[in-house]
Amino acid sequence: IERISGVTAKYVGKPIGPSFSRFADRAPISFGTQPEFLGEYGGPGGGAGGPGGGLGEVLRPVSVTNEADKPLIVELAVTAMEELIRMAQSGEPLWVTDENSIDVLNENEYLRIFPRGIGSKPFANLGFRSEASREAAVIMNPVNLVEILMDVNQWSRVFCGIVSRAMTLDVLSTGIAGNYNGALQVMTAEFQLPSPLVPTRENYFARYCKRHHDGIWAVVDVSLDNLRHAPFTRCRRRPSGCLIQELPNGCSKVIWVENVEVDDRGVSDIYKTLVNTSLAFGAKRWVATLDRQCERLASAITNNIPAGDLGVLNSSDGRKSILKLAERMVNSFCTGVGASTAHAWTTLTGSDEIRVMTRKSIDDPGRPPGIVLSAATSFWVAVPPRKAFNILRSEKFRSEWDILSNGGVVDEMAHIANGRDPGNCVSLLRVNSANASQSNMLILQESSTDATGSYVIYAPVDFAAMNIVLTGGDPDYVALLPSGFAILPDCEGPNRGIGITEIGSGGSLVTLAFQILVDSAPNSKISVGSVATVNSLIKCTLERIRTAVMCNDA
């Protein structure tokens with residue numbers, strides 16, 4: 001006990017009392033037997049992400065937690081929980097509202113209240129800076145939200161635009177039977193912005209869930225970098241997470257806190273202002289994403305189909321199938337567009353801003369077999385994000401930028417609203433070829449917008465396969481190669497920080513990403529000509545987009 005107390009004091013600033021008496025009023029933490037070794041992609045309890053070369057050191061599976069470390073992790077988690085609750089419920093001077101109407105942390109006050117902090121001090125001399133923000137909202141049922149946060153697969157899927165990969169390495173406690181009260185996990189995760197020009201943030205941390213006596217749930221993360229011999233990381237999670245209070249109407253009030261130390265010197269110049277405002281990785285983005293996903297979920301399970309939404313969908317089963325297919329398309333796009341260490345991006349010669357990568361597709365019913373070439377680039381356009389979003393999602397303007405539609409007339413065959421904003425919807429588009437000798441093309445598209453960003457994601461789909469989906473058939477076997485756009489505010493100018501929803505905000509940061517099947521034989525070699533073709537496609541589309549958004553009103 002004395003040895004553990006001495007080591008723990010280094011992290012939490014105070015020794016543990018005999019017999020860990022501080023835990024007496026909390027759910028018991030049981031240390032089970034060690035699970036079997038974690039396989040290449042997480043093994044038992046492993047999470048999202050799947051195969052990919054160039055795995056980051058933090059996200060490589062490691063052996064299960066050392067027995068000697070477990071009491072330290074418990075103490076860190078409990079202390080982090082106490083800090084999170086205090087931070088979430090405090091007002092000024094700990095939190096101040098910045099010019100973007102975001103609650104940001106007063107660092108000096110934070111260090112005064114928590115003089116030792118959790119872990120080491122910010123590495124200012126190594127280029128680290130502190131980044132902390134807070135956001136509140138009324139969202140979903142608290143039990144469902146806790147389940148999403150504590151199940152790594154659900155968490156990765158719901159926050160696919162932010163969490164590019166995640167896995168559970170060890171479960172120190174499963175909590176009380178029937179819920180996650182007292183659950184404690186050791187995890188790794190990689191957080192991203194939808195652009196290959198912004199480095200991901202990798203973290204190794206404990207996640208602790210507790211239901212307190214007042215009925216408020218709390219879920220907290222805290223970095224564990226100091227507890228193991230690990231490569232130096234560029235991001236550390238101070239106590240971060242959320243308080244979840246059940247409301248009489250069955251929903252919950254959520255207070256979300258993001259508190260990190262990060263070295264973001266690798267961020268591209270055009271994204272630096274956005275990243276520095278906390279809109280990129282801060283609490284506002286997490287809450288906005290969760291709210292948007294709740295809308296999508298509600299639309300998927302509803303049986304009340306609004307008039308005018310049916311189109312060719314004559315059954316609720318068809319509606320649910322196409323929404324499920326759209327969800328897979330969106331998840332595939334989001335996990336493949338960022339700078340994840342799982343993606344072996346290569347910079348094209350002669351272009352600093354275009355990234356390409358290839359991967360084989362074998363025995364995957366959701367993808368066409370063969371060699372897939374992915375290409376992505378990010379650029380700035382001098383129009384508000386909302387205007388860029390409206391033009392890029394509209395079938396009326398599609399022929400102005402989409403080279404693959406080949407000048408054909410685009411019609412919307414079906415439209416499913418899946419959110420309060422009219423821009424939040426799933427569409428089935430038909431491209432009527434201008435050339436009578438060419439067949440028409442069918443495109444599945446989802447457009448989505450929230451307070452921090454927007455997406456327009458689409459994929460060509462097979463007519464026969466879509467007919468099965470539209471009648472309620474299984475969408476998992478429809479082959480998709482998603483392409484599309486991520487649109488973020490640049491946060492520059494007089495209206496910086498207003499967000500994506502305001503027409504009057506500044507310019508837009510747009511990421512354009514393509515996936516193209518260049519050879520149906522998975523073992524073939526990709527040709528230089530294929531890369532050159534995709535490079536030309538990206539550059540030509542980029543210029544067409546600039547022209548379309550500048551010359552049209554939406």
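Figure 1. Setting aside neighbours within four places in sequence, tyrosine 271 is in contact with Leu193, Ser195, Leu197, Val198, Ser378, Leu488, Leu509 and Thr511. Please keep in mind, here and in every view that follows, that this is a predicted model. Tyr271 also belongs to the largest nonpolar core, which has 46 residues. Together with Leu149, Trp155, Phe159, Trp256, Leu274 and Leu290, Tyr271 is among the members that touch the most others in that core. Where does this core lie? Domain 1 (67–296) and domain 2 (312–493 + 502–552) both give residues to the core, so it lies between them. As background, nonpolar side chains in soluble globular proteins tend to be buried together.

**Figure 2. The whole chain, for orientation.** Before going further into the details, here is the overall setting. The protein chain has 554 residues, and 56% of them count as buried. Its secondary structure comes to 12 helices and 19 strands. Among contacts between residues at least 6 apart in sequence, 69% join residues at least 24 apart.

**Figure 3. Valine 163 in strand β4.** Valine 163 lies in strand β4, which covers residues 163–173. Is this valine buried or exposed? At 1% relative accessibility, valine 163 counts as buried, because the cut-off for buried is under 20%. Beyond its neighbours within four places in sequence, valine 163 is in contact with Trp155, Ser156, Glu190, Phe191 and Trp286.

**Figure 4. Methionine 87 in helix α2.** Methionine 87 has its place in helix α2, which spans residues 70–89. With a relative accessibility of 0%, methionine 87 counts as buried. Which residues does methionine 87 contact, leaving aside its neighbours within four places in sequence? They are Leu94, Trp95, Leu105, Tyr110, Phe114, Arg134, Val257 and Asn259. Valine 257 is 170 residues from methionine 87 along the chain, while the C-alpha atoms of the two are separated by 7.9 Å.

Figure 5. Most residues other than glycine have a negative phi, and most peptide bonds are trans. The peptide bond from glutamate 92 to proline 93 is cis, with omega near 10°. Proline 93 is placed in the loop between α2 (70–89) and β1 (95–97). Serine 278 is not a glycine, yet it has a positive phi of about 75°. You can find serine 278 in the loop between α6 (269–276) and α7. Serine 278 counts as buried, at 5% relative accessibility.

Figure 6. Helix α8 covers residues 316–337 and helix α11 covers residues 463–470. The two pack at an angle of about 125°, with their axes 7 Å apart. That angle makes α8 oblique to α11. Gly318, Ser321, Ile322 and Leu325 of α8 make the contact with Met466, Val469 and Leu470 of α11. Helix α7 (residues 283–301) also packs against α8, at an angle of about 150° and with the axes 9 Å apart. This makes α7 roughly antiparallel to α8. Here Arg296, Ser299, Ala300 and Ile301 of α7 meet Arg319, Lys320, Leu323, Ala326, Glu327 and Val330 of α8.

Figure 7. A disulfide is a covalent bond between the sulfur atoms of two cysteines. How many disulfides does the structure hold? The count is 0. For cysteine 334, the closest cysteine sulfur is in cysteine 160, at 4.0 Å, which is too far for a bond because a disulfide needs the sulfur atoms within 2.5 Å. Cysteine 334 is buried, with a relative accessible area of 4%. Cysteine 491 also counts as buried, at 2% relative accessibility.

**Figure 8. Lysine 387 in helix α9.** Lysine 387 lies in helix α9, residues 385–393. Its relative accessible area is 16%, and lysine 387 is buried. Serine 508 is 121 residues from lysine 387 in sequence, and the two are 9.2 Å apart in space, C-alpha to C-alpha.

Notes:
Residues numbered from 1 in each chain as written. Predicted model: local features only at pLDDT ≥ 70, side-chain atom pairs only at ≥ 80, totals over all residues. Heavy atoms only, no water. Core = buried A, V, L, I, M, F, W, Y, C linked by side-chain atoms within 4.5 Å. Buried < 20%, exposed > 50% of the residue type's maximum accessible area, 1.4 Å probe, protein only. Domains from an automatic or database assignment. Contact = heavy atoms within 4.5 Å. Axes fitted to C-alpha atoms, helices over the stretch in contact; angles between N-to-C directions. Helix = DSSP H or I, 4+ residues; strand = E, 2+ residues; numbered from the N terminus. Parallel < 35°, antiparallel > 145°, perpendicular 65-115°, else oblique.
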